Amino acid sequence: MMKIIRFIPPVLVVIMLIFIGSYLERPLLVVYAVEDSVENSEENSVGGNLIEKPVNPYSYRDGFLKIDISKDSPLYPGYGEGLSPDSIYVFEDIFEIENNVSETGADIICVTITSDSPEIALFINSFEGIWFDEIEFTVESNSSVKVGMVFNTGGLELGDIYRVIGIKAYGGVC
Amino acid sequence: MNKVIAILMLVAGIIVVTASSADFAYFEADREVKIAIVPDDLELIDLVPMQPYAYINDNGMLVLDLSEYNGNWQEGYGMGVSPDSIYVFERVFGVSNHLWENVTICMQVSYDGDEELTFFMGDYTEGVGTDELDITIQPGEVVPVGIIIDSSGLVDGDAIDGQLSFYAELGSCGE
């Protein structure tokens, strides 16, 4: 894991305060370049929390974005314990990616979300009958994009399954 | 001294330009997706057996079985339907809406297979069967579905075999 922290010498900070104070309303810059790994997600969640926005009830924030359709979800209402085998479930708006410029500092961001599992596919906005293993989209300043998911439980046996989706983002147009 | 401040200002200006474009440089992480695979009668949109002719098999799937291979069949019970008959079974299974977000759904029940199998909601009345049954299901509601089996043209020993399909969409039917 590699972390690069951009450091601004205190002298310059003082001068910027005097002359260009408005720029300093932003948090100091922390640039993350992080290995993807579920285990260290707690550590790399900072960058994610800038853009990941869970939408209840099938996702929530537990330090970082989690998607959970099981009785273990804190949002489990007491009925509907999961998905059955040999079904296809399509959910619009499982979570959202937002570009809050005051937090990201980028007028536009490019986001890629990937699923390596045959059971999970992705789409954005409204479902129009098409889904993808990988979606790439830009998010304009102060707006958000809805991410939907398709779950295909064909051939699965009863029991919990754990999968991951990869989220990458950078400032700029795709 | 003025000169020094001017240089510092310049440096500060350069830093700010660099900084504002680098606030959000790169982010990459994996996020966990957990899904419980559960039997048909426990899932978000469940199918619940309401008569012994329907049951949930070992894979968690609803099965309609009117033969001696049904686990609920016992010695001395009827072993099937007879040729050239129309059998009506009310409330064979229920479809329910246990989605977490409390929304109304429209479910279409259909059948693809041998002979004719038709469906109806609730109690049977003449001519009620349809091969594509649309049911509006409110949150938490269970709607009983009956089936009509038309065995005309079949002879003793024939079997009817096919697949039930369930397709649900957000909103009430006919919207």
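1. A quick definition before we start: two strands count as paired if DSSP finds at least two bridges between them. Keep that in mind for C106(B), which stands opposite T136(B) in β8(B). One caution too: this is a predicted model.

2. Let's stay with that pair of strands. Strand β6 of chain B covers residues 105-113, and six bridges link β6 to β8(B) in the antiparallel sense.

3. Now zoom out to the sheet they belong to. In chain B, three strands form an open sheet in the order β8-β6-β10, and the pairing is antiparallel. Which strands sit at the edges of this sheet? They are β8 (132-137) and β10 (162-170) of chain B, each pairing on one side only. Going from one strand to the next, the twist averages 20 degrees.

4. The other sheet takes strands from chains A and B. It is open, has six strands and mixed pairing, and reads β4(A)-β5(A)-β1(B)-β11(A)-β7(A)-β9(A). The twist here averages 25 degrees from one strand to the next.

5. One strand pair in this sheet deserves a look of its own. How many bridges join β7 of chain A to β9(A)? There are seven, with β7 spanning residues 108-115 and the two strands running antiparallel.

6. A bit of background for both sheets: strands of a sheet pair through backbone hydrogen bonds, either parallel or antiparallel.

Note on methods: Residues numbered from 1 in each chain as written. Chains lettered and ligands numbered in written order. Predicted model: local features only at pLDDT ≥ 70, side-chain atom pairs only at ≥ 80, totals over all residues. Helix = DSSP H or I, 4+ residues; strand = E, 2+ residues; numbered from the N terminus. Axes fitted to C-alpha atoms, helices over the stretch in contact; angles between N-to-C directions.
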